[in-house]
Amino acid sequence: MRRNRALRTLAFIAAVVAGTSFTATPTANAADTFTPVHIPITAETFHGLTRKSVDVTEENGTTSHYEGVALGDVLAAHGVPLGPALRGPALGRYAVVKAADGYRAVYALPELDQTFTDRIILLADRRNGEPLDAKLGPFRIIVPGEKHAARWVREVTEVDLEASP
């Protein structure tokens, strides 16, 4: 302990004499750094991504067929680490989906990664073969298998990638 403090002190003095800066704590390596990602959701978001579909039971008991792209694919297209890169500190990152009315829902990255789960959380633009109506769309998040549709965000406008503290 004393030796480490003495070595840090000597390194600090040498840095001052040499006219360079010095930090006593190691910097994080590139894999541990985090830069927030902001993704506006528009029709352009869907270009170049593989379209997928899910059949779900709506809260009123009817079955609907939604089409769109996997939310994980949208994130991956914007450089978000998924697949083998989703490990360590990246497991503490999450997507916040925001709606036009201020509503928000959170999804942990492993929920969106096809190497972690078979469930597809869909960013939909079509329902039963038709574009989403103004009440639901133009874009909506669909989360198959959830007992309550609280995270089925309507009128999606953006997605932000954030990290837990």
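A nonpolar core is a set of buried Ala, Val, Leu, Ile, Met, Phe, Trp, Tyr and Cys residues joined through side-chain atoms within 4.5 Å, where buried means under 20% relative accessible area, exposed over 50% and partly exposed in between (1.4 Å probe, protein chains only). This is a predicted model, in which local features need pLDDT of at least 70, side-chain atom pairs count only at pLDDT 80 or more, and totals for chains, interfaces and linings use all residues. Residues are numbered from 1 along each chain as its sequence is written, and side-chain values use heavy atoms, with hydrogens and water left out.

**View 1. The largest nonpolar core.** This core has 41 residues, of which Tyr66, Tyr107, Leu123 and Ile141 touch the most other members. Beyond four places in sequence, Ile141 is in contact (heavy atoms within 4.5 Å) with residues including Leu71, Val97, Tyr107, Leu123 and Trp152.

**View 2. The lining of the largest pocket.** A pocket is an open set of points on a 1 Å grid over the protein atoms alone, where a 1.4 Å probe fits, with protein on both sides within 12 Å along at least five of seven lines; lining residues have an atom within 4 Å of a point. The largest pocket is lined by 17 residues, and Glu59, Leu136, Arg140, Trp152 and Arg154 lie nearest its centre.

View 3. Proline 89 is partly exposed, with a relative accessible area of 46%. The C-alpha atoms of proline 89 and serine 164 are separated by 9.2 Å, although these residues are 75 apart along the chain.

**View 4. Confidence.** Mean pLDDT (the predictor's confidence in each residue, from 0 to 100) is 83 for the protein. Over residues 1-31, pLDDT stays under 50.
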